[in-house]
Amino acid sequence: MRVAVTGGGGFLGSHLCETLLRRGDSVVCLDNFSTGDAANITHLLSDPAFEFQYADVSASVEVAGHVDAVAHLASPASPPDYLRQPLETLAVGSRGTENALRLALRHDARFILASTSEVYGDPLVHPQEETYWGNVNSIGPRSVYDEAKRYAEALSAAYRRTHGLDVGIARIFNTYGPRMRPHDGRVVSSFITQALTGEPLTIYGDGKQTRSFCYVDDLVRGLVALLGSSEMGPFNLGNPVERTVSELAETVLTMTGSQSEVKYHPLPVDDPVRRRPVITLAREVLGWEPEIDITEGLRRTVAYFASRPDQLAVSAAAIRGGQSETVPPAAVPAAATPSQMIPGPEAASLSVGAATMPEPSASGG
Ligand SMILES: NC(=O)c1ccc[n+]([C@@H]2O[C@H](COP(=O)([O-])OP(=O)(O)OC[C@H]3O[C@@H](n4cnc5c(N)ncnc54)[C@H](O)[C@@H]3O)[C@@H](O)[C@H]2O)c1
């Protein structure tokens, strides 16, 4: 199977590309590296079954040759990213999704959308089943992401109804693992970065708000299962084990042996208080459920972060006292991050081979 993966240079996208290649698929990865990192895919460039195409999918999505499936993951995903890029986030959720749908339609290909638990907003029912329609503030700061994804779901469903396109929708809940950026403002990456660098762990609110954390390998297995089915869903993909943010902080401190203290800050606007997926549908229809518990997942993630001390130090300075899932962190000096390897727009529409890609940095993924 030949699969086009938009956002394939990001955290989840790069793991998906890797998994597809491992099982024998060919992959065309499209990305503009607005939040991704070339270092995530540099190791794949020598694989003849892997092509990279620099593309802003909000502008257009063109792939030469046939594709059997399109996995549309392109979108800023962490709150600091989408708050920093509000219009780009709305564009990629709307125009970007339509461009990716059109690509699938041209090739009569399977299309899967990486939607999000954020479509439930600050949920009034708990835990969240797919039948719940959500509680989103359509003009709040997070709406640029939540409403873009809700629109993307609506558009995908309309393409299925109108054109009979083979669409599948994954509502992804908090996922963590290697290749998260230490300064991306998500709670797992921030806690690990802070713990490993001796900075205080920043908790917003009283720490009793809950999240459910899914390890990346489990999540990618779910996406691959959805890719292989002809079901639309939507399917919740996430780990149904719910934890408070305080519990997560404690686990990270214990696992890293860190002496960092914990500091509390006011809860940001529209920050959801509880999140837990009901995954019955994915279990029954896709035969999927998470297998990796938080201890093992965190162990692997901590090991990944710990192996990048230079990047950690810079990121810790950038998020110092300001880590939040809603407050954009200070910019990380480019010289110390792998994002310096981003190929520019001049590379658009080129298939970038190993020879033209920059070398991975020592701190890169
Ligand atoms: N990681 C999670 O916990 C999570 C949870 C829910 C949903 N998701 C969804 O999964 C997808 C991937 O998330 P992620 O965590 O890997 O985020 P990420 O930021 O690491 O990856 C997103 C990728 O999309 C690329 N991109 C963004 N706009 C683009 C554009 N206009 N053209 C081309 N490429 C573009 C970025 O450069 C990046 O490589 C996103 O759609 C996100 O909404 C992720």
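Begin the tour of this predicted model by selecting helices H1 and H6, where H1 passes H6 in a right-handed crossing. H1 covers residues 11–22 and H6 residues 216–227; their axes come within 10 Å and cross at roughly 65°. To view the contact itself, display Leu12, His15, Leu16 and Thr19 of H1 together with Val216, Leu219, Val220, Leu223 and Val224 of H6. By class, this contact comprises seven nonpolar residues, two polar ones and no charged ones.

H1 contributes three residues to the shell around the ligand, the largest share. Of the 31 residues in that shell, the ones to select are Gly7, Gly10, Thr35, Gly36 and Ala77, which come nearest. The elements giving two or more residues to the shell are H1, strand E2 (26–31), helix H3 (86–107) and strand E5 (110–116). The shell holds 13 nonpolar, 15 polar and three charged residues.

From E5, proceed to its neighbour, strand E4. E4 and E5 run parallel and are joined by four bridges; within this pairing, Val70 has Phe111 of E5 as its bridge partner. E4 also pairs in the parallel sense with strand E1 (residues 2–6), again over four bridges, and here Val3 stands opposite Ala69. In a regular strand, side chains alternate between the two faces of the sheet. Colour E4 (residues 69–72) accordingly: Ala69 and Ala71 lie on one side, Val70 and His72 on the other, and all are buried, so that both faces are covered.

Now move to helix H10, residues 309–319. Its buried residues are Gln311, Leu312, Val314, Ser315, Ala316, Ala318 and Ile319.

The last stops concern the backbone.

Asp108, in the loop between H3 and E5, has phi near 50°. Arg179, in the loop between strand E7 (175–176) and H5, has phi of about 85°. Which of these residues counts as buried? Arg179 does, because 21 C-beta neighbours lie inside 10 Å, whereas Asp108, with 13 other C-beta atoms within 10 Å, is partly exposed.

Note on methods
Residues are numbered from 1 along each chain as its sequence is written. This is a predicted model: local features need pLDDT of at least 70, side-chain atom pairs count only at pLDDT 80 or more; totals for chains, interfaces and linings use all residues. Axes are lines fitted to C-alpha atoms, for helices over the stretch in contact, and angles run from 0 to 180 degrees between N-to-C directions. A crossing is left-handed if the near helix is turned anticlockwise from the far one by less than a right angle, and right-handed if clockwise. Two residues are in contact if their C-beta atoms, placed from the backbone, lie within 7 Å. Ala, Val, Leu, Ile, Met, Phe, Trp, Tyr, Cys and Pro count as nonpolar, Asp, Glu, Lys and Arg as charged, and the others, Gly among them, as polar. A residue is near a molecule or strand if its C-beta atom, placed from the backbone, lies within 6 Å of it. A residue is buried if 20 or more other C-beta atoms lie within 10 Å of its own, exposed if 12 or fewer, and partly exposed in between; C-beta atoms are placed from the backbone. Two strands pair if DSSP finds at least two bridges between them.
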